[in-house]
Amino acid sequence: MVEETTAVLFDRIKSALPPAASISSIMYEGSEIVIYTKNKEFFADGTDDIKKIVQNLKKRIILRPDPSICMDMEKAIETIKGYVPAESGVKDIYFEPHFGKVVIEAEKPGLVIGKGGETLREIKRKTFWAPQVNRAPAIPSDIVRTLRAIEHEESEFRKDFLNKVGARIHSGWKETDWIRITGLGACREVGRSCWLVQTPESRVLLDCGIKPGNNELPYFTAPEFDVRRLDAVIIAHAHMDHCGSAPLLYKMGYDGPLYCTLPTRDQMALLCMDYIEVLQKEGSNALYSTKEIKEMLKRTITLPWGEVSDITPDIRLTLLNSGHILGSSLVHLHIGEGLYNILYTSDLKFDRTALYEPASTDFQRAETVIIESTYGASEDIQPRRTEAEANLVEACKKTVGRGGVALIPSFAVERSQDLIVILERSGLTCHIYLDGMVWDATGITTAYPEFMSKELQRQILQKGSNPFLSPLLKRIGSHKERMQVLESKEPCVVIATSGMLLGGPSVTWFQNIAENEKNSIIFVGYQSESSLGRKVQKGIKEIPIESNGKKMSLTVNCEVQTIHGLSGHSDIKQLINYLRRLKHTPEKIVINHGEASKCLDFAKTAHRVMKCETIAPRALEALRLK
Ligand code: ZN
Ligand code: ZN
């Protein structure tokens, strides 16, 4: 199918509008088309005319004011303040003149929008700016502020960039007569997730991670991978094994869009910045610098869950909840006009957790499903969630009850926020110290309650009871503060990064609490084979450490516990249930993201249950889907 050229398309839009619409320009903004008007009345009330065109064109069209009709900025701020109720907690109002947009950042966006969007419409009619409302995080977050500032400062660049992306998407295509995928990582292993999807027209990358621990990259040397010919990169969620090498693409010469959800963007930036910092402290060089992270952020296009968006001439993307971490997504690709669908689960949790709804099955078809298998072996059955939560609470209460410190090493953006919600609800009365990136990640979490479970949204947004604002939570901001808590001998719970005791504050805490039997270390997540966490978990009593440059031995006398069932990954039962719940049985199930034995075992189980082709390819194996 060959689409009409941009010039023809834009002419059609112009001629479908009344001359009084006074169109100053029409541009792409990614997959959307934006019309700028010089007519105030048309800007305020032209929505109906636009709706008619949309019906005919099947495109998403947005109406914005030409800068010449926008109200003077200072006056506009006064006008907006007059319309917005004081309880909405407006933190900031700023303008993006290139887009004709005014951004209102508030603690309670719902009150700024008004019933049925009434207040926003009024702001639009009075100021002739297109209003956009952002939620101010309940815990102030440096990273959220920095990223929003980048978006703001780079708005001129972004306008031009998004127009180019849109022109490519609308450039038309001849025929999609083949589709192939190549595993560039996470095949029969956990880490460096990366899939290349190719059609005659398009090249899209799904995830772009590193292998934590030794920083191995995806197989960028694969003959079919050419970074300069990539059309789009999609990041499913912000774990380093899924996003850690994305900034590197921009160093290698990629300058196209990266698609993800808003919380993924923020957490990804946080993790990649931290990764650079950790390596610098160790005296080694990172694969990329903050410069490439910024280049990536300038080109990031965020999508809400459920919105269908063209990303190349023949591929349409939808992100849906995957239940794994904040903003984590299933990636659904619709290829050609009704030709083929791929579902890439990335990491998925098909169970209700403290924070999230189970992974979505809300799409019509998926001929090929690429699914994870972290716990894909037949024996990988985890205890029930309620049982696991009760065990965690019990372990913490017992330790605190005998006057000890309960240390929970955790990933900043995986279990930490889950743990906070569970412990906050448990009636625990001691302090819960958050150390390392946990605090920053929690700050990001408070900016996006819309990505949490319905129950938690109700609790936070309607009842105004936010577990992340509990007075029990305390931030550890420096080594001095950490040592003060340790010296005070205060019984408490500590959640600290990293989750596998691979450096970071959790190691410092561990070195200081290990020798006293009153304390405990509680593992709640995956411990990789070579990690210090795995050694401690296995019960090794004497651990060689380095303190102030001296080699010493640490005796582990504290209680060592592992709580199973709190993982953000599905166990084998949940994986199979998920496949069964899909509206149509897939033709092919591709298994990745698991140790080799688990991938192969899961491929057998899935084949038996689903009665379709299942395959656990090795890295670099290409599969032709169509
Ligand atoms: Zn993950
Ligand atoms: Zn993963």
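**Exercise 1. In which loop is the place of S498?**

Solution. The model is a predicted one, in which local features need pLDDT of at least 70 and side-chain atom pairs count only at pLDDT 80 or more, while totals for chains, interfaces and linings use all residues. Residues are numbered from 1 along each chain as its sequence is written, chains are lettered from A and ligands numbered from 1 in the order in which they are written, and side-chain values use heavy atoms, with hydrogens and water left out.

Step 1. S498 is found in the loop between β21 (492–496) and α18 (505–513); here helices (H or I, at least four residues) and strands (E, at least two) are DSSP runs, numbered from the N terminus.

Step 2. The peptide bond that joins T497 and S498 is cis, with an omega of about 0°.

**Exercise 2. Describe how the chain is divided into domains.**

Solution. Step 1. Domain 1 covers 6–68, domain 2 covers 71–136, domain 3 is made of 173–379 + 570–624, and domain 4 covers 385–562; these bounds come from an automatic or database domain assignment.

Step 1. Between the C-alpha centres of domain 1 and domain 3 there are 35 Å.

**Exercise 3. Find the donors of the zinc ion (ligand 1) and describe their arrangement.**

Solution. Step 1. The protein donors are H237 (NE2), H239 (ND1), H324 (NE2) and D347 (OD), at 2.2 to 2.3 Å from the ion. Donors are N, O and S atoms within 2.8 Å of the metal (3.2 Å for Na, K and Ca), and because water is not among the atoms, sites may look incomplete.

Step 1. Along the sequence these residues follow the spacing H-x1-H-x84-H-x22-D.

Step 2. The arrangement around the zinc ion (ligand 1) is irregular because the four donor atoms subtend angles of 94 to 162°. Four donors count as tetrahedral if all angles lie between 85 and 135 degrees; four count as square planar and six as octahedral if opposite donors are over 155 degrees apart and all others between 65 and 115; anything else is irregular.

Step 3. H237 and H239 are both buried, a word that stands for under 20% relative accessible area, with exposed over 50% and partly exposed in between (1.4 Å probe, protein chains only).

**Exercise 4. Which residues coordinate the zinc ion (ligand 2), and which residue coordinates both zinc ions?**

Solution. Step 1. D241 (OD), H242 (NE2), D347 (OD) and H593 (NE2) coordinate the zinc ion (ligand 2) at 2.1 to 2.2 Å.

Step 1. D347 coordinates both the zinc ion (ligand 1) and the zinc ion (ligand 2), which are 3.4 Å apart.

Step 2. The donor residues of the zinc ion (ligand 2) are spaced D-H-x104-D-x245-H in sequence, and the site is irregular, with angles of 88 to 164° among its four donor atoms.

Step 3. Distant parts of the chain are linked here, since D241 lies in helix α9 (residues 240–243) and H593 in the loop between β26 (588–592) and α21 (596–610), 352 residues apart. D241 is buried, with a relative accessible area of 10%, and H593 is buried as well, at 2%.

**Exercise 5. Work out on which side of helix α6 its buried residues lie, and what they pack against.**

Solution. Step 1. In helix α6 (residues 118–127) the buried residues are T119, L120, I123, K124 and T127.

Step 1. These residues lie on the same side of α6 because they cover an arc of only 140° around the axis, where the arc is that of the directions from the helix axis to the C-beta atoms.

Step 2. They pack against α2 (40–45), α3 (47–57), α4 (73–83), β5 (101–106), α5 (109–113) and β6 (130–135), with contact meaning heavy atoms within 4.5 Å.

Step 3. Just after α6 comes F128, with a positive phi of about 55°.
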